[in-house]
Amino acid sequence: ARRMPRDLAVRRAIETAAGLVGSREIVVGGVRYGDACASLVRAALAEAGAPAPEGADAAALLALARARGPVRRFSPSPGDLVFLADRPGGPAEHVGLVQSVAPDGTALVLHHTERGVARLHVNSGQPWKARSDAGKALNDVLLVGAGRVTAGRLLVAYATVL
């Protein structure tokens, strides 16, 4: 099968994931993907013409991303996968999709949480800082274990797979 042009694939992946904001269960085109963060990414990739293996979790998606190209800590692009840990310095336990990137490098990420699909701000350049001096969100603060951690401190990698 012929792959669709990258810009179309990225747009379809983002539209799919963004259309699921608020949803707890990921169902696209009559296909049930589940209710985990990797479910959202698998659905978005399938709609973009680049399906991932059924049941692939964040670690498997990171391995797939590494096989397709380099992974990095900076310079996210719309449509990239973003991998997050459960604790600073930990392994990839979560995966989301970059919806957009602000001029300051803050990625707006679509991610499936306990409450359903949500948007999350992640900034790898200032991972410790929740807000800019102007008050703009750089990193959302997440509850991890017993503490609060900025999303940028949980960033493992960005990867371009489309």
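Student: Before we start, what pLDDT do local features need here?

Tutor: Residues are numbered from 1 along each chain as its sequence is written, and side-chain values use heavy atoms, with hydrogens and water left out. This is a predicted model in which side-chain atom pairs count only at pLDDT 80 or more, totals for chains, interfaces and linings use all residues, and local features need pLDDT of at least 70.

Student: Okay, helix 2 then. How many of its 11 residues are buried?

Tutor: Helices (H or I, at least four residues) and strands (E, at least two) are DSSP runs, numbered from the N terminus. Buried means under 20% relative accessible area, exposed over 50%, and partly exposed in between (1.4 Å probe, protein chains only). Helix 2 covers residues 37–47, and its buried residues include Cys-37, Leu-40 and Ala-44. The helix is mostly covered, and the number of buried residues is nine.

Student: How does helix 1 lie against helix 2: parallel or oblique?

Tutor: Two packed helices are described by the angle between their axes and the distance between the axes. Axes are lines fitted to C-alpha atoms, for helices over the stretch in contact, and angles run from 0 to 180 degrees between N-to-C directions; here the axes of helix 1 (residues 6–18) and helix 2 come within 7 Å and cross at roughly 140°. Angles under 35 degrees count as roughly parallel, over 145 as roughly antiparallel, 65 to 115 as roughly perpendicular and the rest as oblique. So helix 1 and helix 2 are oblique to each other.

Student: Which residues of helix 2 make that contact?

Tutor: Contact means heavy atoms within 4.5 Å. Helix 1 brings Arg-12, Ala-13, Thr-16 and Ala-17. From helix 2 come Leu-40, Ala-43, Ala-44 and Glu-47.

Student: By class, how many charged residues are in the contact of helix 1 with helix 2?

Tutor: Ala, Val, Leu, Ile, Met, Phe, Trp, Tyr, Cys and Pro count as nonpolar, Asp, Glu, Lys and Arg as charged, and the others, Gly among them, as polar. The contact has five nonpolar residues and one polar residue. The charged ones number two.

Student: Is Thr-16 buried or exposed?

Tutor: Thr-16 is found in helix 1. Leaving out residues up to four places away in sequence, Thr-16 touches Val-28, Ala-43, Ala-44 and Glu-47. Its relative accessible area is 15%, so Thr-16 is buried.

Student: Now His-112. Which residue's backbone oxygen does its side chain reach at 2.5 Å?

Tutor: His-112 is in strand 6 (residues 107–113) and is buried, with a relative accessible area of 6%. Its contacts, leaving aside neighbours within four places in sequence, include Ile-26, Leu-40 and Val-117. The side chain of His-112 reaches the backbone oxygen of Asp-35 at 3.4 Å. At 2.5 Å, the backbone oxygen belongs to Arg-24.

Student: And which residue's side chain does Asn-123 join in a polar contact of 2.8 Å?

Tutor: Asn-123 is in the loop between strand 7 (116–122) and strand 8 (141–144), and it is buried at a relative accessible area of 3%. A polar contact is a pair of N or O atoms within 3.5 Å; within protein, one must be able to donate a hydrogen and the other to accept it, and residues adjacent in sequence count only if both atoms are side-chain atoms. The side chain of Asn-123 reaches the backbone nitrogen of Gly-125 at 2.8 Å. The side-chain partner is Thr-106.

Student: How far apart in space are Val-101 and Asn-123, C-alpha to C-alpha?

Tutor: Val-101 is in strand 5 and counts as partly exposed at 28% relative accessibility. Val-101 and Asn-123 are 22 residues apart in sequence. In space, C-alpha to C-alpha, they are apart by 9.5 Å.

Student: Last one: what is the relative accessible area of Pro-103?

Tutor: Pro-103 lies in the loop between strand 5 (92–101) and strand 6. Pro-103 is exposed, because its relative accessible area is 92%.
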